[in-house]
Amino acid sequence: MAGRVPTRLDSGMDVAGEGCKREAPWKKMSKEELEHQYSPSRWVVRRGPEEALKTYFQMGNHATQRARASRRSLLDVPYGDGEGEKLDIYFPKEASEALPFLVFFHGGYWQSGSKDTSAFMVSPLTEEGVAVVIVAYDLAPKGALDRMVDQVTQSITFVQTRYPGNQGIYLCGHSAGAHLAAMMLLADWTKRGVTPNLKGFPGDRAWLASLHSPLTGFFLVSGIYDLEPLMHTSENACLLTTLEDAQRNSPQWRLETAPMPPKDPACHILVIVGQHDSPEFHRQSREFYQTLRRGGWRASLDELQGVDHFEILWNLTRKDFALTQIILKTIFQESW
């Protein structure tokens, strides 16, 4: 089931100008329907909502305990001055700075989740030579969305500065974490003093350096890219997001209203959604992908067959899982 290959949805898809933009379908939904659409646990197909959430956290905890026991690691490394600004780094057996790094941001609607239960992909990726970084950030209500975005930017700056000889930094986020990762497309790396690692890149290095992006690829898994619908659900009771907050922190809205050219045309963005994610999660992924393509970004959209919002992540503990293989083949530039 979980190892089935994804359905590639980008071929033949219209990404040209849409002409008259239709009203967003969520605006016609009742409050009850919006609540249903944005409650991922209500869409699981093999378990009840409570069992799915329980299994998700149990598997995350088990994967993290296993990774800490079996992999060389640096835990609770501060990337900033804040109490919650910590990250864990897991390394392959072969010691080297010249490694690809995958940086992961957990989900939980910006108000739950932890790096201490999110090391799902550590074992299969480190086994193949990828260093994995799991990032903590301040959750709501302590952390506002602007603060979380700043912390994520800061964590990437830390990784690039500490490991300047890396062979590429890849971002992976799940659900709310995919939103935070996607916001990094808008980051001003020049202000952070961060430049990409140019080792091994052919061509004009001065031009490449001018891009000022340390990021090589994105894996955006079951994400939310337009935050406005969430203002009308119970999730906003903790987030207290205003319309201005939602727009400022929505990569979908930002890229639609003020398009910007890709900072690195070679950077590959994979927008991934589970077959059993809700229709609204599918719509958000599809529309964000279309916005990226219209803006000239190198993007793909994939529907991963046979998995729901939680299975798509916990199956990353398996090397033979389709998404694990996509990540490895993308990092090592293999055809999939």
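**Walking through the model**

Analyst: Start with a right-handed β-α-β unit: it is made of β8, helix α11 (residues 279-294) and β9. Keep in mind that this is a predicted model.

User: How do β8 and β9 run, and how many bridges join them?

Analyst: They run parallel, with 7 bridges between strand β8 (residues 268-274) and β9.

User: How many residues of β9 are buried?

Analyst: 6 of 7. Strand β9 spans residues 298-304 and is mostly covered.

User: What about the other side of β8? What does β7 pair with?

Analyst: β7 and β8 are joined by 5 bridges and run parallel. There, F218 stands opposite I269 in β8. β7 also pairs with strand β6 (residues 169-174), through 6 bridges, again parallel. In that pairing C172 sits opposite F219 of β7.

User: Why call β7 largely enclosed?

Analyst: Because 6 of the 7 residues in strand β7 (residues 215-221) are buried, the rest of the structure largely encloses it.

User: Back to C172. Buried or exposed?

Analyst: Buried. Its relative accessible area is 1%, so C172 falls under the 20% cut-off. C238 is partly exposed, at 22%.

User: How many disulfides?

Analyst: The count is 0 disulfides. The rule asks for a pair of cysteine sulfur atoms within 2.5 Å.

User: Switching to the core. Which residues touch the most other members?

Analyst: W110, L171, M184 and L220, in the largest nonpolar core, which has 61 residues. Helix α4 gives the largest share of this core, 7 residues.

User: What does L220 touch?

Analyst: Leaving out residues up to four places away in sequence, L220 touches G173, A178, A181, A182, Y225, I269, L270, V271, I272 and F288.

User: Now the backbone. Where is the cis peptide bond?

Analyst: Between A140 and P141, with omega about 5 degrees. P141 is in the loop between β5 (131-135) and α4 (145-162).

User: Y109 first: buried or exposed?

Analyst: Y109 is buried, because its relative accessibility is 8%.

User: And L240, buried or exposed?

Analyst: L240 is exposed, because its relative accessibility is 62%.

User: Let's do confidence. What is the average pLDDT?

Analyst: The chain averages 89, and 87% of the residues score at least 70. Residues 16-20 are below 50; that stretch has 4 contacts in the model beyond near neighbours in sequence. Residues 198-211 are also below 50, with 13 contacts beyond near neighbours in sequence.

User: Last topic, the loops. Where is G193?

Analyst: G193 is in the loop between α6 (189-192) and α7 (205-210). G193 counts as exposed because its relative accessibility is 63%. G193 and T157 are 36 residues apart in sequence, and their C-alpha atoms are 8.3 Å apart.

User: And where does K27 sit?

Analyst: In the loop between β1 (7-8) and α1 (31-37). K27 is partly exposed, at 46% relative accessible area. K27 and E228 are 201 residues apart in sequence, with 9.8 Å between their C-alpha atoms.

How values were computed
Residues numbered from 1 in each chain as written. Predicted model: local features only at pLDDT ≥ 70, side-chain atom pairs only at ≥ 80, totals over all residues. Heavy atoms only, no water. Buried < 20%, exposed > 50% of the residue type's maximum accessible area, 1.4 Å probe, protein only. Helix = DSSP H or I, 4+ residues; strand = E, 2+ residues; numbered from the N terminus. Pairing = 2+ DSSP bridges. Right-handed = clockwise from strand over helix to strand, strands pointing away. pLDDT = per-residue confidence, 0-100. Contact = heavy atoms within 4.5 Å. Core = buried A, V, L, I, M, F, W, Y, C linked by side-chain atoms within 4.5 Å.
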